[in-house]
Amino acid sequence: VLELPAGTAAHPGVILLPGSSGWHPAFNEMTQELAEAGFAALSLDYLGEGGRNPSPEQREQRFPVWQKTVRHAVTFLQGHPAVLGEPVGIVGYALGAFLALRTAPMLSGSGAIVEFFGWMEPLTGERGNLPPVLILHGEADTMIPVSKAYGLRDAILAGSGGAAYWSLVRAWRYGPASSSGRAASKIDNACPNFMAPPLSCPSTL
């Protein structure tokens with residue numbers, strides 16, 4: 001799903017990558033919100049039909065295909081007349097965040113990454129420079145423990161050449177729907193505020 005801001009001017013591009021459960025209507029709403037904030041937003045169903053909730057073995061087998069899909073999506077946005085070109089930002093959720101973090105070093109013109117509930121396994125042959133990464137995680141997350149956020153931060157700072165900014169939500173469980181009120185409002189603003197130049201680091205939620 002591609003959502004474009006109103007008007008004829010070119011805008012920065014951003015790609016949304018869902019988690020292992022795949023695309024759902026909420027991501028269409030997110031692309032619309034990003035478009036209203038001035039981004040050309042593309043929600044990408046990289047898993048495809050029949051690919052949801054992959055096992056660890058299936059994930060390893062299909063990961064190169066997912067990376068290729070993301071690379072093609074970035075190229076598509078960079079060449080779209082409504083998009084400014086480079087760089088293109090990425091918003092990823094869980095598996096989508098992991099995919100963004102592992103693919104960004106391979107991309108030409110990769111912009112900032114906003115990741116929800118993600119993690120990073122040790123880098124191997126895909127080592128390269130990451131763009132700035134905003135880490136958003138919940139301390140009450142029982143599906144992807146908050147220790148993964150600490151590990152991600154440490155991995156970025158230690159070896160991948162990127163800059164990590166992060167916010168933790170104390171009562172936040174897995175998924176944006178677990179947040180409400182003031183925290184939810186700040187989270188809604190985090191993506192466009194972080195990706196818009198100059199990069200801004202949000203305060204702890």
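I call a residue buried under 20% relative accessible area, exposed over 50% and partly exposed in between, with a 1.4 Å probe and protein chains only. By that rule I record Leu4 as partly exposed, because its relative accessible area is 36%.

**Basis.** I worked from a predicted model, in which local features need pLDDT of at least 70, side-chain atom pairs count only at pLDDT 80 or more, and totals for chains, interfaces and linings use all residues. Residues are numbered from 1 along each chain as its sequence is written, and side-chain values use heavy atoms, with hydrogens and water left out.

**Entry 1: Leu4.** I located Leu4 in the loop between β1 (2-3) and β2 (11-17); strands are DSSP runs of E of at least two residues, helices are runs of H or I of at least four, and both are numbered from the N terminus.

**Entry 2: Gly89 and its strand.** I looked up Gly89 in strand β4 (residues 83-93). Gly89 counts as buried because its relative accessibility is 7%. Beyond four places in sequence, Gly89 is in contact (heavy atoms within 4.5 Å) with Gly13, Val14, Ile15, Gly111, Ala112 and Met195. I noted that β4 and β5 run parallel and are joined by five bridges; strands pair if DSSP finds at least two bridges between them. One of these links Val88 to Ser110 in β5. Strand β5 (residues 110-116) has seven of its seven residues buried, so the rest of the structure largely encloses it.

**Entry 3: the core.** I defined a nonpolar core as buried Ala, Val, Leu, Ile, Met, Phe, Trp, Tyr and Cys residues joined through side-chain atoms within 4.5 Å. The largest has 53 residues, of which Ile15, Leu17, Val91, Val114 and Met195 touch the most other members. Helix α2 (residues 56-79) gives the largest share of this core, six residues. I also checked Met195, whose contacts beyond four places in sequence include Leu34, Phe39 and Ile90.

**Entry 4: salt bridges.** I counted two salt bridges, each a side-chain nitrogen of Lys or Arg within 4 Å of a carboxyl oxygen of Asp or Glu. In one, the closest N and O atoms of Asp45 and Arg52 are 3.1 Å apart. In the other, Arg153 and Asp154 have their closest N and O atoms 3.2 Å apart.
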